[in-house]
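This briefing concerns the structure shown below.

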Amino acid sequence: MSGGRAAPRRERTALFAQGEPMIWLTGGGLALALAMIAGLLALVVVQGSVTLWPGPVTRVELNDGRAVMGEVARSESVGATGGDGPVRRRLFRTGNFELTGEHFQWVADSDIRAESRPEWALVVERTAWGRFYGAPQAFLLDGRAAASDPASAWAMYEQHRLAVQRRLRERQRLESRDIGRVNRRIESARLAVKSAELRHGMGSVPHREAVARFEAVERQGLAEHARLRGRIEALNRENARFQLALATADGWEQAIPLADIVRACAPNRLGLAAKWAVYGSRWLEFLSGAPREANSEGGVFPALFGTALMTVVMSVAVVPFGVMAALYLREYAKAGPLVSLVRIAINNLAGVPSIVFGVFGLGFFCYIVGGWLDRSFFAANLPNPTFGKGGLLWSALTLALLTLPVVIVATEESLAAVPNSMREGSYACGAGKWQTIRRIVLPRALPGILTGTILAMARGAGEVAPLMLVGAVKLAPELPVDAVAPFLHPERSFMHLGFHIFDLGFQSPNSEAARPMVFTVTLLLIALIFLLNLVAVLLRARLKKKFVTGAF
Amino acid sequence: MPRWKLARFVLALAAPAAFAQVPLDAGLPVYQPVEGISGTIKSVGSDTLNNLMTLWAEGFRRMYPNVQVEIEGKGSSTAPPALIEGTATFGPMSRPMKEAEVDGFKQKYGYAPLALKTSIDMLAVYVNKDNPVEGLTFAQVDAIFSRDRKLGHPEDLVNWGQFGLPGEWATRPISLYGRNAASGTYGFFKEHVLGKGDYKDSVKEQPGSSAVVQGVASDRGGIGYSGIGYKTADVRAVPLAMAEGEDFVPATPDQAYTGDYPLARFLLVYVNRRPGAELDPLQREFIRYVFSRQGQEDVLKDGYFPVTAAMAREALQAAGIE
């Protein structure tokens, strides 16, 4: 009897001893996690990559005589009130905001009389007012029609487009580089007057000298300005000669200067290769251009650059401090209640909500430290703050604080993993404490330290909440790095991809058009973090090879 | 091409804004750039004005590519502290500063900040595009959003059926969307529509004006309030009436200047200007740009309504510019 009872128990034990259920449980957990990640990535990649694809342009004539032309953004079906089943309706991106006051329009299928895809339906992306949908009617040269049918108007557009773009670039160069140089000279002379006034008093000798210098610089600057303005005017005049006249679906006619056109295409005429070319050109603009029209159009380059630079500055700030703190805690400090307390405090720091760091950064870095710097070194600029506001440096330092525990904990772990026998061997050879750390311990621990750095970078690049308080802003097209001395401008606010996602999603005036961009920017942020991590992983692999094999 | 068609093209080029729904006042001066402007424009404040400030900054930078701009818009309540601390040179607000905020500013500088009326907004009450409700009185809006019902509507409104809507709407509950407390729109709505009563706890507070509109767009029973500039094809601005028996006034452009629409308001920009003193050149030029033809065209672009030439002149005089 007792043997009969024992048998099934043995079987059950055997099952668990084999570990079969645990394999399924852990494997299932992994599969679920992978499926969720893959699903999320697929959503972001698919949604993010179709945004810039040139879709077909549809023209519909409605029963009430109106006509609507545009790209179909999405469709839905609604239960009809009349009772003849669900009706599909589609959201058309109709553009032409200055004529209609709308970017999008809903059209129900039941209201449609005729539907077509006109060959000459042009999508014009403009520098202002958003997209324009229409058919080319004429090409105007000096206000006269030089071509008056779609095909030849389009051919003339293609012919003159590049020259107009070249003049635009030339104008931009004159404006931002040459006029900028003059403006900066005048501004710095004006600031010199102001600081001489602050330091030596109004009417003192240095003040009078500064005023005289300022007047000379200003006179010279004004002459220079007049010359540059003249050249810009000439370029503008030349560009204003070319216009493309378009007719909208509901009969309005509009002439668009070529200088205002960023890109125009007739998607219904394009073959697959030409569509890919438009797609590529849109991506290029998206990655390398500055945002336009309150961020709802144009590119995200300032945000991309700001995110990458901020993450790098943060890493440069956090790694040395984190490693030094961990070295002291692990190698020098005597184990005791105080060290334990410090460790607990560091671990707790990792659990503090990130927005708290943001508040601290705003209060301490921006207001106290920044305010002090402004009063001491940039008094002439006041009331315009220089450091006494959010900026790249303050953001990087705030995030450095936030990610400090990650670096400290990872470094401590990797230091602990270095076998004590190696340290003792080093001491036995007569090396001192620091020599041992530098030559024996640190090289062995370096891969672990870099792992901590990678984790910190990934966390820092994806963090948005504290940045909203200490420097990430909606619009800051001027990059924190440029060709003007001192080249790196840590006091400037910057744009951040994470904040850009928030802005597009929740604050855009044209939310319908901005929503697909949210996915595209998300895709970009993920790609950027992946890239930063990849660089760090490769670096770690190299160092591992160099140091670990070199040590033996 | 026939002659008359050409004439229309030229006309369209000369006055692109003429075809928009609100014409610009022809008396607005065209902005002419001046020399020697550089520095940083830093703006902290209203979310309603966030995109407008951005458009102005973009337009201004087209004239002065070296000017740096930094724009933050988390809510009107963030503007006064930023102006007081000196972290911003412009403080856009969708409501006038409160007494306490002006006092805080005076304590530090000894004078009140200068308020510029830059454009006109019609604060709209949005419902989903499918919602058939014809119009709402203030008392009804109050009973929808507020738990206190200070305007004296007899019953709490929680269901669209209470407006006598047909079919599926008869049983659809009202779902509320609003702004967070830092928002000037939140304060303006509370003061002018709710009679300073408190919001219901069921209002879903959103981080931005656009988020309110998107909430209403995706929720068929939704209702929310936001600036007219955030209107999309997915929502409808409900016509409003001050009191029972009055005509419902729609939030359409032709109502912007008649004064009939009950929730029209000025969008303000505050600056720190000592009375009698001259403004910093950069601030002066930015203000001139805002009140120029180009600046007011940006207002149209964002969906708000421009000021008239007389109002622009008055504002420039108040700033000591002309």
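How many residues does helix H8 of chain A have, and how far does the helix reach from its first C-alpha to its last? Helix H8(A), residues 337-349, has 13 residues and reaches 18 Å, close to the 18 Å expected at 1.5 Å a residue. This is a predicted model, in which local features need pLDDT of at least 70, side-chain atom pairs count only at pLDDT 80 or more, and totals for chains, interfaces and linings use all residues. Residues are numbered from 1 along each chain as its sequence is written, while chains are lettered from A and ligands numbered from 1 in the order in which they are written.

**Helix H8**
- The number of buried residues in H8(A) (buried: 20 or more other C-beta atoms within 10 Å of the residue's own, with C-beta atoms placed from the backbone) is zero, so the helix lies largely in the open.

**Interface**
- In chain A, 56 residues are in contact with 57 residues of chain B (contact: C-beta atoms, placed from the backbone, within 7 Å).
- Helix H4 (residues 150-200) of chain A gives the most to the side of chain A that touches chain B, with seven residues.

**Domains**
- Chain A is divided into domain 1 (144-240) and domain 2 (301-505), with bounds from an automatic or database domain assignment.
- The centres of these two domains, taken over C-alpha atoms, are separated by 40 Å.

Key:
Two residues are in contact if their C-beta atoms, placed from the backbone, lie within 7 Å. Helices (H or I, at least four residues) and strands (E, at least two) are DSSP runs, numbered from the N terminus. The expected span of a helix is 1.5 Å times one less than its number of residues. A residue is buried if 20 or more other C-beta atoms lie within 10 Å of its own, exposed if 12 or fewer, and partly exposed in between; C-beta atoms are placed from the backbone.
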